[in-house]
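Let's walk through this assembly together, one interface at a time. Please keep the viewer open as you read.

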Amino acid sequence: MDFRFTEDQQDLIEAAKTVFDGENTLERMRGIVAGNPPIGLWKQFADLGLFGILASEENDGLSQPLVVMAGIAEAAGYAGLPEPYVDVAGIVVPLLSQLKETELLEKVISGEISLGLITPLSPHVNCGEWCDHFIITSKSGGRCVARSEVTLEPRNSIDPLRWLYKADLQGEQNELADMHGAVLTAAQLIGLSMRMVEMSVEYAKDRHQFGKPIGSFQAVKHQLANVHTQIEFTRPIIHLAALKGGAAVHNAKIAAIDTAMLAAETAIQVHGGMGYTYEVDLHLFMKRAWALCGDWGDRHYHMKKLEDYVLNGGANLGPGETFKGET
Amino acid sequence: MDFRFTEDQQDLIEAAKTVFDGENTLERMRGIVAGNPPIGLWKQFADLGLFGILASEENDGLSQPLVVMAGIAEAAGYAGLPEPYVDVAGIVVPLLSQLKETELLEKVISGEISLGLITPLSPHVNCGEWCDHFIITSKSGGRCVARSEVTLEPRNSIDPLRWLYKADLQGEQNELADMHGAVLTAAQLIGLSMRMVEMSVEYAKDRHQFGKPIGSFQAVKHQLANVHTQIEFTRPIIHLAALKGGAAVHNAKIAAIDTAMLAAETAIQVHGGMGYTYEVDLHLFMKRAWALCGDWGDRHYHMKKLEDYVLNGGANLGPGETFKGET
Amino acid sequence: MDISYTSEQKTFRAEVRDWLAVHAPKSRLPSFDTAEGFELHREWEHTLATDKWGNVNWPVEYGGRGLDLVSWLIFEEEYYRADAPLRVSQNGIFLLAPTIMEYGTQAQKARFLPPMASGEEIWAQAWSEPGAGSDMAAIRTKAVKDGDHYVITGQKTWSSRAVFADWCFALVRTEAGSERHKGLSKILVPLDSPGLTRRPIAQLDGDPGFAELFFDEVRVPAENLLGPEHGGWGVAMATAGFERGLLLRSPARFQAAAARLVKLYQQHKDRLSGGVGEQVIHAWMNTERFCAATYQLVSRVQAGASISSESSANKLFWSDLDRHMHRTAMSIMGAQAELEDGLDAIDNGRWLDGYMFSLAGPIYAGTNEIQRNILAERVLGLPRK
Amino acid sequence: MDISYTSEQKTFRAEVRDWLAVHAPKSRLPSFDTAEGFELHREWEHTLATDKWGNVNWPVEYGGRGLDLVSWLIFEEEYYRADAPLRVSQNGIFLLAPTIMEYGTQAQKARFLPPMASGEEIWAQAWSEPGAGSDMAAIRTKAVKDGDHYVITGQKTWSSRAVFADWCFALVRTEAGSERHKGLSKILVPLDSPGLTRRPIAQLDGDPGFAELFFDEVRVPAENLLGPEHGGWGVAMATAGFERGLLLRSPARFQAAAARLVKLYQQHKDRLSGGVGEQVIHAWMNTERFCAATYQLVSRVQAGASISSESSANKLFWSDLDRHMHRTAMSIMGAQAELEDGLDAIDNGRWLDGYMFSLAGPIYAGTNEIQRNILAERVLGLPRK
């Protein structure tokens, strides 16, 4: 029992975080909002091997467990990455491996192409226009179809850094995709929440009213302390969910949704009118948080699973069950 | 449309409040907790005509509408009255009138005897030992039985100023009793909440930490301001419930429960360790609040009614409906 | 207590309903924070005014019907029931007009109220400054008397509607060297005055809902002073009372939204987990509580009471209920919640829009933190320090 | 990351389970805040100690098994799973013992740890004073050195268990004229010392869960000083870290309660409205989150990290979850919620009892307001003033 990242894992996550934060600056994001082309960092991610985190070594991957991908997803959320990197590296790649689509897999890992998912729990394909192929998920796995076989219709997200499309084809739920999707979306939500708290802290230190920084008022302090607490008590259940699956996955996604909604509401309150505008960058992270709350299973989807598990099921609950049954 | 008490009504409520606050002092309550006999104010209430608020003039009553009784119930809650005055004046008396039990009615109004209710929504008879008769409620009204016909078994309330009994007989739900019970219990809960806020304010003004009164800290201020707000937005719906009945009754009781639970949790937090003891009197009001939350329909009973009304029913909701249909 | 409507009031309600059934736009107008939407909303104000529906509680001479506040509540109920457009004139008719009626000269009333009622002149509020938000007494924009004019220099921000509006009511420092609450005055300023520059500010949905206003020696006739010179704080507090207390947010708006939320819930019910029903009920309960409290407040006001610190409780309650209600809707919509408009956007993004707007509720008109301070100190009597 | 238990740990779990199945009382003991209950709990501590189960993570020489913290968590899980009695020794074993192990002399360890482990000596904490609650640095009780003794004079309050306990660990001012955090020392005091008077304080359920302690020139040998003289604040903060951070509230206690809450819900389901199921799930979710976080914290501590300000987040989380869980139970019980014990009292009043105790959670061990300040200032870096 050592419920921490190993040093190597930590280094890998830090490396990803360094490139996310270093490259996807606020300036870059503002530029994309103003019309600059997105997904420009794709090749760079590939060069760093970031698409191969979950791929096997024979496919030039790093064979890391999902929990490492969760650590990287948290960093991607924190950075507000517009590229749909997390879904591709965290879901598309392991699905392609499972489907033995070696050729596509190589191209994805090398950053040559991007692939989209057509799947019920994530009904809008982000950056669908840039996809070379799509995986139509099915219970047993799925099948790959070329871009030309799919008609995409745009959908309009409040997040100016999401480019959504609806496909004319339909997939079925797939266990791997759904589990990875929920865990990694939860991790991104925690990263977003951390960023919103950080921005609020900075704003509250700078902004003065009544002759002192607003961050010195208990009302501001206590609200931010509450969000911080929720974040710190959501990350571990996400890690557990990544390692163990099962009910922890639903717990993790719901906890992350609630934390992110609270973080966003608190952050805008601390920012005052400023947070309600494009004058500060908070809105980019807040909107991403709203979008991801509904992606890969909304609160109701996951809560219904827990209704079955906790209230109606014969599950063993109580002390000693949380880590039980693990290898 | 004049949704205020008339001056006469206001005077009546003030008169009741004066006697409650003046007679049922904290000292008296502590004395009763220590073993002094309760219900000593019964005769005094009768002399003031307080049992006849809802009785017709021919029965020596004041023929007031239920909303006036709600004002008095709020005052009784505020005072933490141990006597089961509210249930007797607000439910027993109109039920006796309806049942045409003139003889018993006269005795109750004159303060000669007390009567208890055996009814499903208030399963424990408070002060049952002191009752001369009981009304076993039924759908159409009920019937009166003598004390000797009922076997009472004690139940142990956390509230040291409630003396509960369970009867060996069972009543049926009765519309008047249930409606009056819910409205008047809600009103008492608001009175209790006000008292808890007031005690907390006094404590927070006196108690110093870090060189200033704890009431000067925003954390304390904001918590109490929130409770105050809930109180101010619960009282009017209680008045509406008293005048109009229907869904407002369920709204009123639920809002009062939530407000009182919040008031109690906030009050004990403001009082710190003191609130957790018999050293200050807060506990008397807090325990009464807990007890009344479940009396005359718990949160679930009333919420289920609203599930029917709001979610499943064909009720007209929206603007213009709140006061509609009133004479 | 008497909670019945008079037969006049019942007739009035029927009249409003009938008129709106004929005249209210059949589909939602574009947002009044766009140039096109602003003008369409202005036209709607004109339509309302033509048949004297814009301000039923105003005196007849200024374009109203001289009705009481209960009738105004009835009007609001029918208005939101008909889903009629939001009032682009709201800063004027709900915030400035009551102040003009209380503090204005006869000439000011005659000059400003009728074009406000007709939508000919639309008003923005110019109070906040970059350094004076919650701490409004920190206002630095100054107005210097120069003959029969004031010369205003400084900067205002968070001025809603100011991008397209015609006039603003500004709170400025008229007494040189004065500090905090003293020496302020309320002055009415045409937004096309020479020296006045507006910089639009994009709000969450990208539309320019606010402007920053730069005053560079803007000359305004001295007769545009509203209320006593250097006594602007008192005048402003009266406005803040109206804003937080009663006029700006009548219950009907929230009640209409709650009824729509119930429908949204019913449409999505099968997909939803068990807890959300109670949240929907809770939203409805809150709007009913707000309505009951407002009628009680109106009854008190009609009997001569004035609204003071209790308006802070009012603001806390409606802003919390609005945010909770829209948060519930966001949760119900799931993956569709992020859709701003267009295909698959439920109600064409109205709930998302409403959620974003509800997030501003605890901020504008005095942050909720300030309101809680006011309640704690002025109503509950907790010590300032 | 590795979340598997070793085979030794699995065997250990089975051993604990088997032992508890045989030895744990079949029914709940009376509250340890009564004279009778206290002695029964003391006996139970003795039973635990006899088979070396009382403190599995302590060194073998002091009555422990020298196991790691994961094993301690496993023990706790099995302990609460078996619904074994609350630990009357908790102030000693969870708060004082880690401090003695860190700061105590060899002689102190040998003198105090074994009788603490056996239940022979039960400890109370004596820190708070009437004027020093949240503001603990305001302590005024003083200890004056007189030869090889300290002479203690002053008053302590909120001393849990002190009515029936044997010893207390007091935080007192040893340096004359010192202020705030300076000049304090931690001294171990027998509760039957001449000059020490205990006044029982009745808590919400009427039982004397606390005492006020009056020190009137109480003489204590100087060797009872724990840690550096005048350096008591640092020693106390280490204890506070344990208390808030890890040892006092292991997740198992709450997980056991959550499982019981699910049962309570299932028994009453038909009577309940739709929203309560989600509250029950939420309670369970929180306990799982708390468990996962605790394992992560224990992993860090075992790798050499120390617990600092994060213990504040810990305390906020468990105290909130506990109160929410018991509030949910109160709601489920409806009209039966007020029943303290006896007939019709569900689980003989255990939930009501738990609710009342949960209300103390946000107060003791440093109020949650103080914890939020600590987090905001020390972790988030917000300005103190």
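This is a predicted model: local features need pLDDT of at least 70, side-chain atom pairs count only at pLDDT 80 or more; totals for chains, interfaces and linings use all residues.

Residues are numbered from 1 along each chain as its sequence is written, while chains are lettered from A and ligands numbered from 1 in the order in which they are written. The model scores ipTM 0.96 and pTM 0.97.

Start with chain C where it meets chain B: 49 residues of chain C are in contact with 45 residues of chain B, contact meaning that the C-beta atoms, placed from the backbone, lie within 7 Å. Helices H3 (69-81), H7 (251-268), H8 (276-302), H9 and H11 (368-379) of chain C each give two or more residues to this side; helices (H or I, at least four residues) and strands (E, at least two) are DSSP runs, numbered from the N terminus. H8(C) gives the most, with 16 residues. By class, this side of chain C has 30 nonpolar, 7 polar and 12 charged residues. Here Ala, Val, Leu, Ile, Met, Phe, Trp, Tyr, Cys and Pro count as nonpolar, Asp, Glu, Lys and Arg as charged, and the others, Gly among them, as polar.

Now turn to chain A, where 35 residues of chain C are in contact with 33 residues of chain A. On the chain C side, helix H9 (310-333), strand S9 (339-341) and helix H10 (350-360) each supply at least two residues. Strand S9(C) is joined by 2 bridges to strand S5 (residues 152-157) of chain A, and the two run antiparallel; two strands pair if DSSP finds at least two bridges between them. Within this pairing, Asn156(A) stands opposite Asp341(C).

Chains B and D share an open sheet of 4 strands, in the order S2(B)-S6(B)-S5(B)-S9(D), with antiparallel pairing. S2(B) and S9(D) stand at the edges, each with a single partner strand, so one side of each is left without a neighbour in the sheet.

Finally, look at Ala376(D) in helix H11 (residues 368-379) of chain D. Ala376(D) is buried, with 27 other C-beta atoms within 10 Å; the cut-offs are 20 or more for buried, 12 or fewer for exposed, and partly exposed in between. Beyond its neighbours within four places in sequence, Ala376(D) is in contact with Lys221(A), His222(A), Leu224(A), Ala225(A) and Leu382(D).

Notes. Two residues are in contact if their C-beta atoms, placed from the backbone, lie within 7 Å.
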